[in-house]
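Please keep the structure in view while reading.

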Amino acid sequence: MDPENGKCLKSPKKDSWKAILLLAYQSLGVVYGDLSISPLYVFKSTFAEDITHSETNEEIFGVLSFVFWTLTLVPLFKYVFIVLRADDNGEGGTFALYSSICRHANVSLLPNRQVADEELSTYKLECSSETKDTSRIKIWLEKHKNLHISLLVVVMLGTCMVIGDGVLTPAISVFSAVSGLELFMSRDHHEYAVIPITCVVLICLFALQHYGTHRIGYIFAPIILAWLLCNSALGIYNIVHWNPHVYEALSPYYMFKFLKKTKKSGWMSLGGILLCITGSEAMFADLGHFSSTAIQVAFTSLVYPALILAYMGQAAYLSKNHNVYTSYQIGFYISVPESVKWPVLVLAILASVVGSQAIISGTFSIINQSQSLSCFPRVKVVHTSEKIHGQIYIPEINWMLMILCIAVTVGFRDIKHMGNASGLAVISVMLVTTCLTSLVMILCWHKPPLLALTFLLFFGSIEALYFSASLIKFREGAWLPILLALNLMIVMFVWHYATIKKYEFDLHNKVTLDWLLALGEKLGIVRVPGIGVVYTDLISGIPANFSHFVTNLPAFHQILVLLCVKYVPVPYVPPAERYLVGRVGPPNHRSYRCIVRYGYHDVHQDIDSFESELITSLSDFICLEASYINGRQSRPSMDEDEGELNVIGSNMLTCYQNYDVEQSIQHSTVSIEFPGKHGVIELPPMVSGKKVKFLTGNRNSSELDKNVREELAELHAAQEAGTAFILGHSHVQAKPGSSIMKKIAIDFAYNFLRRNCRGPDVALRVPPASLLEVGMVYVL
């Protein structure tokens, strides 16, 4: 793994088995924490009310058969063998599927799309076809904008259900583990002990989040490994000691026998059986931190057999102990031998904390992704590790999750209602993944639509069966994830809608280049020392907030940079491809446009390093432009077309050396070569366009063009004078005559969210001492 980026780098050589096994071991504590603790509550939730454990054992064998085939079909066949292949440059999850679809079909609602973005090295999948896909489904999707909105709503639904799972999983996991105390004290006493202890554990868990998982993660994998081995040992012991023939219940015949006997009650109990696959989505969502091979090895060799043995062991015990009738007794701990009950209880509590930690970290990650795609209000994101990318902490979300988890624990007080709520959230996310994966098969993998339809119908029907069983429990706890998802979807949709409308307003009210060039001393406009960085969402044109600034304060900086920070539907943008730089106006105007591109998993730099990279990119652009001139290639003097922007990599050129330019007519890739200690170093291809080769030589800097040296000197002097960051401080209101729904969404909902979320200066890490805010009124 790359310690800086936290992701597995693609290399021509396959990983060694030693590296794969190490990654598989590390994945236990991150990926499988939630899935491995499901034996704590599956049988207890299933037998909570709808069905009973009878002398014939038909119910317990039927449940075991359902658990076995559900674990086999969904996590093993669907995720391990199929969905893990739908990665987005090594990243997984709902947004990874959505970004892959957006790159292969024009269905994205984000308005600042550029042709240059399609030339990013991470933009194209390895499995992309050489021939352009012209399937009818793609044409149909691109033609209807309502389908674009529907697709985004589906993605938002999956995201909201993941966040809902982040509320429910810690509550049900810790509560189930702590409820083992019921076997060591009377019924009257344990009711007053379990809830307070669960709340204390949850408070401690969320209070430790600001330290980051890398500080406490070293003990995660050993705990889950010990827990899985413990489950395997208990399962083998119970099978051998109580019922060696329990393996016969794995036959699908027992599922039909179960449904035939229990009928509607059996169907309603499927909501409890569903909990055996909770956490399966983490195998795909956490793909960016581990290789797919490591996740597959860990699941098939350890997690899957351990879970099957655990469920078989519980069923073997219950098949020979028919005095167990109530949900108070039919839990996990009843099948644990008396001599090891206390150690197993302690290990279960530790394992539940690990499982909760995984879903909490996943919630932080998906909210950060939502924020990057303008689908969530701005929140403060703290990166808890300088070496491991992706380990983040969001204070506001952390405390909200803690309050909601405690409210769920105190409000429900039993496994049944928590299981119903958690089951609906889990199966909803899986249904969304199934639908999006079927689209990926058609649009990205270029498979026949019939194959994608088969995948959708087979796995979709299984998940729809469980979804219906969970939805029928609406009044018994399933209402909670629906309520959470509804509120979150309203927040996300309002924020996304208003963001797009603000962009359209900026687009329609931007100022022409002629207006900027006309500004001068004749109009009383003064150019002051320093660098003025004007933040804008526009990728072309002069933003209205800058004209508003100059109108009220007739001065702007000697070096003017129109800066657009935008997100591209890829997980990562390589540093060498991050900056697009071009001129605004003639060279003597000293105005530039810079578009900084981030992926939805990229980390925002701190403002000092960002300012340094920005200045370096401007210097490199000036030298690059000079090299074109020296090579007798005409370049436009002003840059209003985004296609004329140049990709400027970090330290791409050295300005105190001259360049020989060798240019080919054919459109290909830009490669940069310069001599190093061990010969020629060739950077990976950066952007499609003209093939340019830069060869550095040991020449005196005086040979540089005089104008270039003057421009570089002015840039350096402006940097010494200081940098000011100019941001718009907006007030948004609906235009007169708008519908009531639009007025509610804009005037009340969006403005409430805007006032109570972090400002853009916090999101962009702008220091208050260098910040200038320009008030703007947006009438949408």
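The protein exposes about 33300 Å² of surface, and carbon and sulfur atoms supply 61% of that area. The structure shown is a predicted model, and the protein in it has 26 helices and 13 strands. Of its 780 residues, 56% are buried.

F748 belongs to helix 25, which covers residues 740-756. F748 counts as exposed because its relative accessible area is 59%, and the cut-off for that word is over 50%.

Seven strands form an open sheet in the order 7-5-6-4-3-12-13, with mixed pairing. At its edges are strand 7 (646-648) and strand 13 (771-779), each of which pairs on one side only. From one strand to the next, the twist averages 30°. As a general point, the strands of a sheet pair through backbone hydrogen bonds, and they do so either parallel or antiparallel.

| Strand pair | Direction | Bridges |
|---|---|---|
| strand 4 (residues 555-567) and strand 6 (residues 591-598) | parallel | eight bridges |
| strand 3 and strand 4 | parallel | eight bridges |
| strand 3 and strand 12 (residues 723-733) | parallel | four bridges |

L562 stands opposite R593, a residue of strand 6, while V533 has V561 in strand 4 as its bridge partner. V534, in turn, stands opposite I726 in strand 12. In a regular strand, side chains alternate between the two faces of the sheet.

Which helix lies across strand 3, strand 4, strand 5 and strand 6? That is helix 24 (residues 706-721), and it runs at about 80° to strand 3 (526-535).

Most residues other than glycine have a negative phi. R413, however, has a positive phi near 65° although this residue is not glycine, and R413 is placed in the loop between helix 17 (395-412) and helix 18 (415-443). H446 also has a positive phi, of about 60°, without being a glycine, and H446 lies in the loop between helix 18 and helix 19 (449-471). R413 counts as partly exposed because its relative accessibility is 48%, and H446 counts as partly exposed because its relative accessibility is 27%.

Finally, is S470 buried or exposed? This residue of helix 19 counts as buried, because its relative accessibility is 3% and the cut-off for a buried residue is under 20%. Leaving aside residues up to four places away in sequence, S470 touches G271, L274, G423, L424 and A478. The C-alpha atoms of S470 and S269 are separated by 8.6 Å, although the two residues are 201 residues apart along the chain.

Conventions
Residues numbered from 1 in each chain as written. Predicted model: local features only at pLDDT ≥ 70, side-chain atom pairs only at ≥ 80, totals over all residues. Heavy atoms only, no water. Helix = DSSP H or I, 4+ residues; strand = E, 2+ residues; numbered from the N terminus. Buried < 20%, exposed > 50% of the residue type's maximum accessible area, 1.4 Å probe, protein only. Areas by Shrake-Rupley, 256 points an atom, 1.4 Å probe, with all protein chains shown as cover. Pairing = 2+ DSSP bridges. Axes fitted to C-alpha atoms, helices over the stretch in contact; angles between N-to-C directions. Contact = heavy atoms within 4.5 Å.
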